[in-house]
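Open the model in your viewer and keep the selection tool at hand. This tour goes stop by stop.

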Amino acid sequence: MKNTVTTLQKMKQEGQKISMLTCYDYTTACLIEEAQINAVLVGDSLGMTMMGYPDTLSVTMEDMIHHTACVSRGLHDTFLVADMPFLSYQTSVYDAVKNAGRLIKEGHAQAVKLEGGATVCEQIEAIVKADIPVVAHIGLTPQSIHAFGGFKVQGKNEQRALQILEDAKAVERAGAFMVTLECVPDELATLISQELSIPTIGIGAGNGCDGQVLVYQDMLNMFSSIKPKFVKHFANVGEEMKRAFRAYDEEVKAKTFPAAEHNFAIDPEIIQAVKEKLS
């Protein structure tokens, strides 16, 4: 079944959980599609996972368009959301609509995601008026890492919890069809999910959300030195990749790869004729 804005919202109404993973390339997109994950997020997390930056702030619109377009070619039924990078929407409503449009037109996304609550409602409203579906993102917003003083759980005191709840209601009123809750206490996220009519997607926000999203490299244990508390390793792909790389290195140096079965043959008479031409 093809996943759309309508089907994802219907899943919430029927109490079905929504699965989402990040993705940044065609090959992985094909695998995620075959696994029948509901939605893919081309996150600006690609700055850290694919480009080696320490945070997401250096990611550009061109980076996002390039990776989103690559992912789009591997998907058919999976819903595709693309992040709006830092300063692509905060500067003005005009910039927000124009850049959201580029992610749809050039990146072939089906929706865009932007960080912030009440402060970006004007941008959300304008993007939605341009017939572009919007996913909001509240709680820990990585583009605000310097303002937060690092990656920290949000909403742990009464004032901040009430602010996150109000932000969630504000982005729903502004027209967002879904909202991501990141690093929010599970009981607060559950309450927000109950208060909203739109789906909530949690990452470090407990099982009370309407769905979950993880960075695929995290859940496959491809970053052995980094493991946020909310991550579960569903496979040790990182270790398996290193084992394969080492085995390849050993066989190349031992001259056991490539073996006869990997080679292409040529008529002995032809190779002899070539050798004679050299003499």
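Is the crossing in which helix 8 passes helix 9 left-handed or right-handed? Helix 8 passes helix 9 in a right-handed crossing. Bear in mind that this is a predicted model.

**Stop 1: helix 8 and helix 9**

Select residues 158–174 for helix 8 and residues 186–195 for helix 9. Their axes come within 10 Å and cross at roughly 30°. Angles under 35 degrees count as roughly parallel, and the two helices are therefore roughly parallel to each other. Now show side chains. From helix 8, pick Ala161, Ile164, Leu165, Ala168 and Lys169. From helix 9, pick Leu188, Ile192 and Glu195. These residues make the contact. By class, the contact of helix 8 with helix 9 has 6 nonpolar, no polar and 2 charged residues.

**Stop 2: helix 5 and helix 6**

Move to residues 93–105, helix 5, and residues 121–129, helix 6. The axes come within 9 Å here and cross at roughly 45°. Helix 5 and helix 6 are therefore oblique to each other. The crossing of helix 5 with helix 6 is right-handed. Which residues of the two helices meet? On helix 5, select Val93, Ala96, Val97 and Ala100. They meet Glu122, Gln123, Ala126 and Ile127 in helix 6. The residues in this contact of helix 5 with helix 6 divide into 6 nonpolar, 1 polar and 1 charged.

**Stop 3: helix 2**

Next, select helix 2, residues 26–34. Color Thr28, Ala29, Ile32 and Glu33, which are buried. Look down the helix axis: the buried residues of helix 2 fall within an arc of 140°, so they line one face of the helix. Then color Thr27, Leu31 and Glu34. These are exposed residues, on the face of helix 2 turned away from its buried side.

What do the buried residues of helix 2 pack against? Select these elements in turn:

- strand 1 (18–22)
- strand 2 (39–42)
- helix 4 (61–72)
- helix 10 (216–219)

**Stop 4: Ile32**

Stay on helix 2 and center on Ile32. Its relative accessible area is 6%. Buried means under 20%, so Ile32 is buried. Leave aside its neighbours within four places in sequence, and Ile32 is in contact with Leu21, Thr22, Cys23, Ile37, Val40 and Thr78. Finally, draw a C-alpha to C-alpha distance from Ile32 to Pro199. The two residues are 167 residues apart in sequence and 21 Å apart in space.

Methods:
Residues numbered from 1 in each chain as written. Predicted model: local features only at pLDDT ≥ 70, side-chain atom pairs only at ≥ 80, totals over all residues. Heavy atoms only, no water. Axes fitted to C-alpha atoms, helices over the stretch in contact; angles between N-to-C directions. Helix = DSSP H or I, 4+ residues; strand = E, 2+ residues; numbered from the N terminus. Parallel < 35°, antiparallel > 145°, perpendicular 65-115°, else oblique. Left-handed = near helix turned anticlockwise from the far one by under 90°. Contact = heavy atoms within 4.5 Å. Nonpolar A, V, L, I, M, F, W, Y, C, P; charged D, E, K, R; others polar. Buried < 20%, exposed > 50% of the residue type's maximum accessible area, 1.4 Å probe, protein only. Arc of directions from axis to C-beta.
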